[in-house]
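Please load the model in your viewer and keep the sequence panel open beside it. The tour below goes from one selection to the next and says what is found at each stop.

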Amino acid sequence: MESKSKRCTGYAPVVAVLTGDIVASRKHDRSQVDTAMARIAKTAAGFGQMAGADSRFTRFRGDGWQIVLGRAGWALRAALILIADLKTSGSGIETRISAGIGPWESLGTANLSDASGPAFSVSGDLLEAMPRHRRLAIAGGRDTAAHGTADRDWQAAIFDMAEWISSRWSQPQAEAMSMALGDGWTTQDELARRLGITRQAMHSRLTGAGYQAMENALAAIEHYEW
């Protein structure tokens, strides 16, 4: 059997696990749910380079899914990109996302179906406890006994703010945010060129989507010593 270190190169000791499900999946045709899941899987595949390791997208129970990010700090950015990409599709399908931060013990064999560790436990438990109207939340992080609850409070507040802002994105704004938040983009001029719109139009979309405020929030999450 391969050692843990050989099989799991690129994963930090503390990771982020995103667990989600399709909102009101029974109201959508199975083909629509499958298409949405395929889009989530494709988006998640792009996180490997951004977060430093394979996200190991795994589908559960028809409308459930889970990924792991090699760096905990990328949890919010990845969640927002997933939300933006689904909204860009114009399908009207949404997903709930619970981010669990913590250590991992196993990343599973073929996929995450048999993965284990605190990050997986808190992520799954949080999704189960989330009210149906919620779309994004975070749990886990530093040990409460050693560090108190202050760290978790500000992280939860940032995720709450991000949920509120992203829920109000229009389809064009979501498309712009997906590109701006993704890895490797340079300037608004380049983004505008890729979308075939003017720089002014791109600036308007990002401003209306709260891009600058979101980047400040992301910097706080990403620069935190998990």
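Begin with a pair of helices: select helix H4 (residues 75-89) and helix H11 (residues 211-222), whose axes come within 8 Å and cross at roughly 140°. Axes here are lines fitted to C-alpha atoms, for helices over the stretch in contact, and angles run from 0 to 180 degrees between N-to-C directions. Angles under 35 degrees count as roughly parallel, over 145 as roughly antiparallel, 65 to 115 as roughly perpendicular and the rest as oblique; H4 and H11 are therefore oblique to each other. Show the side chains of Leu-76, Arg-77 and Leu-80 on H4, together with Met-214, Glu-215, Leu-218, Ile-221 and Glu-222 on H11, since these residues make the contact, where contact means heavy atoms within 4.5 Å. By class, the residues of this contact divide into five nonpolar, no polar and three charged, with Ala, Val, Leu, Ile, Met, Phe, Trp, Tyr, Cys and Pro counted as nonpolar, Asp, Glu, Lys and Arg as charged, and the others, Gly among them, as polar.

Before the next selection, some conventions are needed. This is a predicted model, in which local features need pLDDT of at least 70 and side-chain atom pairs count only at pLDDT 80 or more, while totals for chains, interfaces and linings use all residues. Residues are numbered from 1 along each chain as its sequence is written, and side-chain values use heavy atoms, with hydrogens and water left out.

Now zoom out to the whole chain, which has eleven helices and five strands; helices (H or I, at least four residues) and strands (E, at least two) are DSSP runs, numbered from the N terminus. Of the 226 residues in the chain, 49% are buried, a term that stands for under 20% relative accessible area, with exposed meaning over 50% and partly exposed in between (1.4 Å probe, protein chains only). Among the contacts in the chain with a separation of 6 or more, 72% come from residues 24 or more positions apart.

Next, select helix H2 (residues 30-45), which has 16 residues and reaches 22 Å from its first C-alpha to its last, close to the 22 Å expected at 1.5 Å a residue; the expected span is 1.5 Å times one less than the number of residues. Colour Val-33, Ala-36, Met-37, Ile-40, Thr-43 and Ala-44, which are the buried residues of H2. Seen down the axis of H2, these buried residues fall within an arc of 125°, so they line one face of the helix; the arc is that of the directions from the helix axis to the C-beta atoms. Turned away from that buried side is a face with the exposed residues Thr-35, Lys-42 and Ala-45.

Which residues of H5 are buried? They are Ala-119, Phe-120, Ser-123, Leu-126 and Leu-127, and they cover an arc of only 140° around the axis, which puts them on the same side of H5. The cover over the buried residues of H5 includes S1, S3, strand S4 (95-103) and strand S5 (136-140), whereas Asp-125, Glu-128 and Ala-129 are exposed on the other side of H5.

From there, move to Ala-16 in strand S1, a buried residue with a relative accessible area of 0%. Ala-16 and Arg-71 are 55 residues apart in sequence but 6.5 Å apart in space, C-alpha to C-alpha. Leaving aside neighbours within four places in sequence, Ala-16 is in contact with several residues, including Ile-67, Leu-69, Ala-75 and Gly-100.

For the last stops, look at two loops. Ala-24 lies in the loop between strand S1 (14-22) and H2, and Arg-61 is found in the loop between strand S2 (58-60) and strand S3 (64-69). Most residues other than glycine have a negative phi. Phi of Ala-24, however, is near 50°, a positive value, and phi of Arg-61 is likewise positive, near 50°. Ala-24 is partly exposed, with a relative accessible area of 31%, and Arg-61 is exposed, with a relative accessible area of 64%.
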